[in-house]
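Thank you all for coming.

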Amino acid sequence: MASGSSLVERTPALEHDPSLVRPDVAGPDSGPPSPYPVYLDGWVTRGFGRGSKDLGCPTANLPDSSIAPYAATLSTGVYFGFARVLDPASAPRDAAQGAFSPDAPRGVHDEVHPMVMSIGWNPFYNNSTRTAEVHILHAYPADFYGKELRVVMLGFIRPEYNYSSLDALIKDINHDKLVALHSVSSPSRPAYASFQDDPFFFRPSTLEPPSEDPAKPRVKPGDETGQDGEA
């Protein structure tokens, strides 16, 4: 398990140390160690609206059911790897099978891109529910609530921290992005870069239709209004 808190039970978050010198890559050059790669798949759901508004880091939220099978394997914290949003416009469903066709032509917004992912309770915002938030290192023209998101987690970047200020949180998030990109695209990291072509990203979809509207605003317990925007 990565060095962080359990996903099963919420524990007090580590306090962020601003003097900590962080490396620019994560994981051994030889390739992802066990338990990686970890494969996640789910419909993109709406979050609390903080990623774009507060942090300048729009995220796609996966339902909790996507990470539930790995609750005993993973820990709270930040991870890196690759992700793909399946766009029905460029990856249409097969009429006979009701699944995305892996051979369908793809546009630039339907490609596999590096990603950085946070799993935890976001202690800076005092969340009482666990979230799985994926920031894909690609500029998308619009939200993609209700589209299928596939993620391959390849390694652990850092534990989940509580921060003394929003600026400190944003600084760490920006470094997370740098680490994620370097960890999968450096010339010395072919064992990670190869996962960009993993068959998982291109197989037909096996997801059941979402049980509720993925674009429905997520409401923080005790808040009946909810918020707009991505996580």
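Arg22 is buried, and Asp176 is buried as well, where buried means under 20% relative accessible area, exposed means over 50%, and partly exposed lies in between, with a 1.4 Å probe and protein chains only. This is a predicted model, in which local features need pLDDT of at least 70 and side-chain atom pairs count only at pLDDT 80 or more, while totals for chains, interfaces and linings use all residues. Residues are numbered from 1 along each chain as its sequence is written, and side-chain values use heavy atoms, with hydrogens and water left out.

The side chains of Arg22 and Asp176 meet in a salt bridge at 2.7 Å, N to O, the term standing for a side-chain nitrogen of Lys or Arg within 4 Å of a carboxyl oxygen of Asp or Glu. Arg22 sits in the loop between β1 (14-15) and β2, and Asp176 in helix α2 (residues 166-185), so this pair ties together parts that are 154 residues apart in sequence. Helices (H or I, at least four residues) and strands (E, at least two) are DSSP runs, numbered from the N terminus. Arg22 and Asp176 also belong to a network of salt bridges that links them with Arg158 and Asp172.

What does Asp29 form with Arg189? The two form a salt bridge, with the closest N and O atoms 2.6 Å apart. Asp29 lies in the loop between β1 and β2, and Arg189 in the loop between α2 and α3 (190-193), so this pair ties together parts that are 160 residues apart in sequence. Asp29 counts as partly exposed, at 45% relative accessibility, whereas Arg189, at 1%, counts as buried.

Leaving aside neighbours within four places in sequence, Val151 is in contact (heavy atoms within 4.5 Å) with residues including Leu40, Phe82, Met117 and Phe200.
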